[in-house]
Each structure stands twice: as structure tokens, then as C-alpha cells.
Amino acid sequence: MSLLQDLEARSGKQCELCSASHNLSIYEMKPVTVGGVDGSILACETCVTQIENPETTDANHWRCLNDAMWSEHRGVKIIAWRMLARLRKEGWPQDLLDLLYLEEQDLRYAKESGDHLEESEKIIHRDANGAVLQAGDTVVLIKDLKVKGSSMVAKQGTAVRRISLDHENAKYIEGKVGATQIVIITDYVKKVAEKE
């Protein structure tokens, strides 16, 4: 079975957030770490648009999370937490957030979107050219970097895929070079543009 068929079977061919049955597609949670059935949900165009574009968020649409947050599926619960955290100033989402339980690792993953932070609290990571970096991006090293604690040197031009961000310091990101997970200073990387 394909991923789409698996998600359709799991969801009964309905949006796993609002139960709409039209304009459905696979939505991979960002940053993509697992992908597949565990890292994806089946979502309608309305939900995906509002998840991806916070300025278009219609709080009333998300009252559907009152039901969706009880899903047994990890991805649905994580997206529910993120949207409730984004909308918590409305009042009712905070009540639902207080009831929603996530495993510790899932809560950490949910927080990687930064939806739980106020705008003034958000740390913005920028590459050497000033481009905004987000979790899951691919960057290229713009100079050779000695890896602390080892004899390894990460060479200029090395691509680091699916980076994660340090939510306490705007200068630090993490990623894998070969099999080694390293911390990289943002001044030494350039964001790779997404292919259209």
C-alpha cells in the first residue's frame, strides 16, 4: 500500500483534524524526522493552508480539535497541540491544551514549530547571508569546520540536511555530518533553496 492509501484507510478518507472529506492530501509534519505514516496525517486544504500560514488562521475552524486531539495517532495529536498552542489566547484552546497529553519526546517535537512562543520570545536563526533558517532545512557549510571533541573536519561545501534549531540561541543549529551529530554556528552555513 502507498502512504496515501495507508492514511486513507486509517482516517476513513476524512481529514484527520476537521473530518472534511474533500481536497485531502498528505501533510508531513515539519521538521520531517520520521515521515511515513507516523510523521504524516491526511488533511484537507483548509487545515493545511492555516497550518502553513498562521496569518490565515480562523480560530472557529479549529474547534474541531476538541475531537481530533483524542486521536490515537501521534501526528494528529502533535498537530492538534501546535494549533491549540498557537490559538491559546482565544481562551477555549488553553482549556483543551490542559487536557491534551503528549509523551515527552512528542511534546519536544511539537514545540519545534515554535507555535507555543509569543512573537517576542521567538528566536530567529539566520544563515551567513541573512536568510531565515527553519527546522528541517538543508544548509551547506561555507568553510571547513573542526568538530570539537574529535579529529574530524567538516569540509566546506558539505550539505547538512534536516537541521534542528537551538531554541535558546539564535547562533546554533544541529545536524548530521556523515554519521556524526554536530552543533554548527549559523555564521558558517548557507541555506539551500528548496527545489520547485
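1. Let's start with helix α2: β1, β2 and α4 are among the elements that cover its buried residues. Helices (H or I, at least four residues) and strands (E, at least two) are DSSP runs here, numbered from the N terminus. Buried means under 20% relative accessible area, exposed over 50%, and partly exposed in between (1.4 Å probe, protein chains only). In α2 the buried residues are C47, V48, Q50 and I51.

2. A word on what you are looking at. This is a predicted model, in which local features need pLDDT of at least 70 and side-chain atom pairs count only at pLDDT 80 or more, while totals for chains, interfaces and linings use all residues. Residues are numbered from 1 along each chain as its sequence is written, and side-chain values use heavy atoms, with hydrogens and water left out.

3. Now for the cores. A nonpolar core is a set of buried Ala, Val, Leu, Ile, Met, Phe, Trp, Tyr and Cys residues joined through side-chain atoms within 4.5 Å. In soluble globular proteins, nonpolar side chains tend to be buried together. The largest nonpolar core here has 33 residues, and L17, W62, L65, I79 and L84 have the most contacts inside it. Two or more residues come from each of β2 (40-44), α2 (45-52), α3 (65-68), α4 (74-87), α5 (92-99) and α6 (104-111). The biggest giver is α4, with 9 residues. There is also a second, separate core of 15 residues, including L133, L141, I163 and L165.

4. Which residues does W62 contact, leaving aside neighbours within four places in sequence? They are L17, C47, Q50, I51, T57, M83, L87 and W92, where contact means heavy atoms within 4.5 Å.

5. V76 sits in helix α4 and is buried, with a relative accessible area of 0%. Setting aside residues up to four places away in sequence, V76 touches R10, E16, L17, I41, A68 and S71. The C-alpha atoms of V76 and L17 are separated by 6.9 Å, although the two are 59 residues apart along the chain.

6. Is E16 buried or exposed? E16 is buried, with a relative accessible area of 12%, and its place is in the loop between α1 (3-11) and β1 (24-28). A polar contact is a pair of N or O atoms within 3.5 Å; within protein, one must be able to donate a hydrogen and the other to accept it, and residues adjacent in sequence count only if both atoms are side-chain atoms. The side chain of E16 makes such a contact with the side chain of R10 (2.9 Å). The E16 side chain also reaches the backbone nitrogen of L42, at 2.8 Å. Beyond its neighbours within four places in sequence, E16 is in contact with L7, R10, S11, I41, L42, A68, H73 and V76.

7. On to charges. A salt bridge is a side-chain nitrogen of Lys or Arg within 4 Å of a carboxyl oxygen of Asp or Glu, and the count comes to 6. One of them joins R74 and D106, with the closest N and O atoms 2.7 Å apart. This pair links distant parts of the chain, since R74 is in helix α4 and D106 in helix α6, 32 residues apart. R74 counts as partly exposed at 22% relative accessibility, whereas D106 is buried at 8%.

8. Another salt bridge brings together the side chains of D187 and K171 (2.8 Å, N to O). D187 lies in the loop between β11 and β12 (189-191) and K171 in the loop between β9 (164-165) and β10 (172-177), so the pair ties together parts that are 16 residues apart in sequence. D187 is partly exposed at 37% relative accessibility, and K171 is partly exposed at 39%.

9. Finally, have a look at P54, in the loop between α2 and α3. P54 is partly exposed, with a relative accessible area of 43%.
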